[in-house]
Amino acid sequence: MSVTDMDPDLSPWTAAGFEERLRDVVLRRYHHRHPFNLRMHEGALTPEELQRWILNRFHYQRHIPIKDALILAKLETSELRRMWIHRIHDHDGTAPGEGGIERWLRLGEAAGLDRDRLLSGEDVLPGVRLAVDGYVNFCRLRSPLEAVASSLTELFAPDLMRVRIEAFERHYPWVDADGLRYFRGRITQGRNDSQEAIGLVRDWARSRADQERALAALAFKCDVLWSLLDAVERG
């Protein structure tokens, strides 16, 4: 059955069965399988291709705290908001010169990109803009369950970061090592964030229809990341 074929009359899966299905969506559809990522990790990208990815991926990175702020506004208790708000701090920092966005800017500089060029957004590809806008609007318009479930691509992020660090160190030594700090930080952050989010999704998805919606939301997020790389690959 497709993740979008919802039947509210069906009994919900067990918590373990539901989590297995969530992980299977990511295993099958996460962008670690995308040809561009495979080429990156094999060391087959030219400097221009790697720079193009860093520049366009930054457009996604800078919107992460925006989508998290939209999710935060949907959470109805102080406990839940305290749990979620650290994600905004992780990316925006709590002071100038801190946070994941700053570390991505330093990655760009380490790869020879000008900071002002990254911040201007002028060279972002139309397909990347469309994918990112689609994700932000999804988090704005959908239920808290669906918005949080869409973040569960983080389940595979720590493994992907390890592969990426090794690939950069082996194949792209011209990128200054300090630029890899974003990837190193996401290993722990991604693991912690995904465990928080999957706990919420398990608790909130009480019916089979809710579980199906969560699966569909996660599949949509995988499509966003895949579409982003499609645009970057085509340039």
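How many residues apart are E19 and R23 in helix 1? They are 4 residues apart, about one turn of the helix, and helix 1 covers residues 15-29. Helices (H or I, at least four residues) and strands (E, at least two) are DSSP runs, numbered from the N terminus.

## Basis of the model

This is a predicted model, in which local features need pLDDT of at least 70 and side-chain atom pairs count only at pLDDT 80 or more, while totals for chains, interfaces and linings use all residues. Residues are numbered from 1 along each chain as its sequence is written, and side-chain values use heavy atoms, with hydrogens and water left out.

## Salt bridges

Side chains of opposite charge can pair when their charged atoms come close. A salt bridge here is a side-chain nitrogen of Lys or Arg within 4 Å of a carboxyl oxygen of Asp or Glu. By this rule the model has 20 salt bridges.

One of these joins E19 to R23, with N and O 3.0 Å apart. Residues are classed by relative accessible area: buried is under 20%, exposed is over 50%, and partly exposed is in between (1.4 Å probe, protein chains only). E19 is buried at 18%, and R23 is partly exposed at 30%.

## Pairs and a network

E49 and R39 form a salt bridge whose closest N and O atoms are 2.9 Å apart. E49 lies in helix 3 (residues 47-61) and R39 in helix 2 (residues 35-42), so this pair ties together parts that are 10 residues apart in sequence. E49 is buried at 14%, whereas R39 is partly exposed at 25%.

E109 and R115 also meet in a salt bridge, at 3.0 Å from N to O. Both are partly exposed: E109 has a relative accessible area of 38%, and R115 one of 24%. Elsewhere, salt bridges link R87, E154, R186, D193 and E196 in a network.

## Helix 2 against helix 12

Two packed helices are described by the angle between their axes and the distance between the axes. Helix 2 packs against helix 12 (residues 208-234) at about 65°, and their axes are 8 Å apart. Axes are lines fitted to C-alpha atoms, for helices over the stretch in contact, and angles run from 0 to 180 degrees between N-to-C directions. Helix 2 and helix 12 are therefore roughly perpendicular (65 to 115 degrees; under 35 is roughly parallel, over 145 roughly antiparallel, and the rest oblique).

Contact means heavy atoms within 4.5 Å. On the helix 2 side are P35, F36, N37 and R39, which meet W226, L229, V232 and E233 of helix 12. By class, this contact has 5 nonpolar, 1 polar and 2 charged residues. Ala, Val, Leu, Ile, Met, Phe, Trp, Tyr, Cys and Pro count as nonpolar, Asp, Glu, Lys and Arg as charged, and the others, Gly among them, as polar.
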